[in-house]
Amino acid sequence: MGRLPASLKLFFLWPFLIAVLLAAPPQQPPVKPVSNVLVVTMDGMRWQEVFGGMSRDLLTTKDGGVSDAPLLEERFGGATPEQRREKLMPFFWTTVARQGQVFGDPSHNSIARVTNGLRFSYPGYNEILSGFADPRINSNDRVANPNTTVLEWLNGRPGFTGKIAAFAAWELLRWILNTERSHIPSNGDGMPVADAQTERERTLNEFAGDLPPYWGETRADAPTGFGALEYLKKHRPRVLFVMLGETDEWAHGRRYDLYLDAAWRNDRFIRRLWETAQSLPEYSGRTALVLTTDHGRGNTTENWTSHGEKVPESDQIWMAVMGPGVLQLGVRPDMNVTQSQAAATIARLLGEDYNAAQPKAAAPLRLK
């Protein structure tokens, strides 16, 4: 072909070039770093309801503490799992799942698990925020976390100092974050607005103070959520962690009706948090959302209320991520992920490499 004109060379090479281009794997765009991340956990929220919605097996007085099954059918019933889950968690399924990625749906051969082996709260929250299981954290006792969480690490990074905050419905938050060492503002007990100055903030605290202390060390999700919203609007943190707790409490009490209602209200709070962020110039189009849980629960009508070492199936959880640069892939099939990947994922979304600082942490989720 050396003697042929250039135009004829191109003519003969064109089929070959087309074949090469078609055979080349498609290039996945890198995840573009965002400026802010919102992290919300729903304590003990089962994957069964996240992916399948309300379970009719638990609509009994004996198994679910349910006295009005028709009312729950009207609120959360549907002919298919897809219909039921969208009624239970409408924002999750109409927005997060469509605009982001969801992990842990067994019907899609996707499994998300905890790695700590204990399957209860403090070990789970340490795994979420530190990126690895620590055998020293083997109880829910008020013991300061010896590990530097991704929140504390980010708080020491340029541009993040003083821009990390956390709210919880559980007073152990301050120990999980080791606030004496990390200096991260954490609100897990008492009034939901520290140093209330406006009439709205004082009213919120007064309302929270009038709620009955039903669970002792765990307060209701509503004051926790509204406190987090007020903090977001006033202080504009770059990372806000919100730990909701009623799903776990009502499940332990074998009140499936109130467990479902708590999940629905948590989904509504997540919508409010997201929409509030999108209404602020510092967050609009520059914010990612990470959702998960600290542990799973049993999968029978008897043990759905429980979790821990004696309930091995409670190691199965779920995770979801949405934000600019995260491809809109919905439920990810054929993937095994772990709770320990959350910490590095939070950092990676912000353009930070947590694994370089903490080699024991699991790699971030593969968001493509």
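Visitor: How are helix 6 and helix 14 oriented to each other?
Guide: This is a predicted model, where local features need pLDDT of at least 70, side-chain atom pairs count only at pLDDT 80 or more, and totals for chains, interfaces and linings use all residues. Residues are numbered from 1 along each chain as its sequence is written, and side-chain values use heavy atoms, leaving out hydrogens and water. Helix 6 (residues 90-99) and helix 14 (residues 256-278) pack at about 40 degrees with axes 8 Å apart; axes are lines fitted to C-alpha atoms over the stretch in contact, and angles run from 0 to 180 degrees between N-to-C directions. Angles under 35 degrees count as roughly parallel, over 145 as roughly antiparallel, 65 to 115 as roughly perpendicular and the rest as oblique, so helix 6 and helix 14 are oblique.

Visitor: Which residues in helix 14 meet helix 6?
Guide: Contact means heavy atoms within 4.5 Å, and helices are DSSP runs (H or I, at least four residues), as strands are (E, at least two), numbered from the N terminus. From helix 6 come Pro90, Phe91, Phe92 and Thr94, and they meet helix 14 at Trp264, Asp267, Ile270, Arg271 and Trp274.

Visitor: What kind of aromatic pair do Phe167 and Tyr231 make?
Guide: Rings of Phe, Tyr and Trp (its six-membered ring) pair if their centres lie within 6.5 Å; planes under 30 degrees apart count as stacked, over 60 as edge-to-face and the rest as tilted. The centres of Phe167 and Tyr231 are 5.6 Å apart and the planes lie at 65 degrees, so this pair is edge-to-face.
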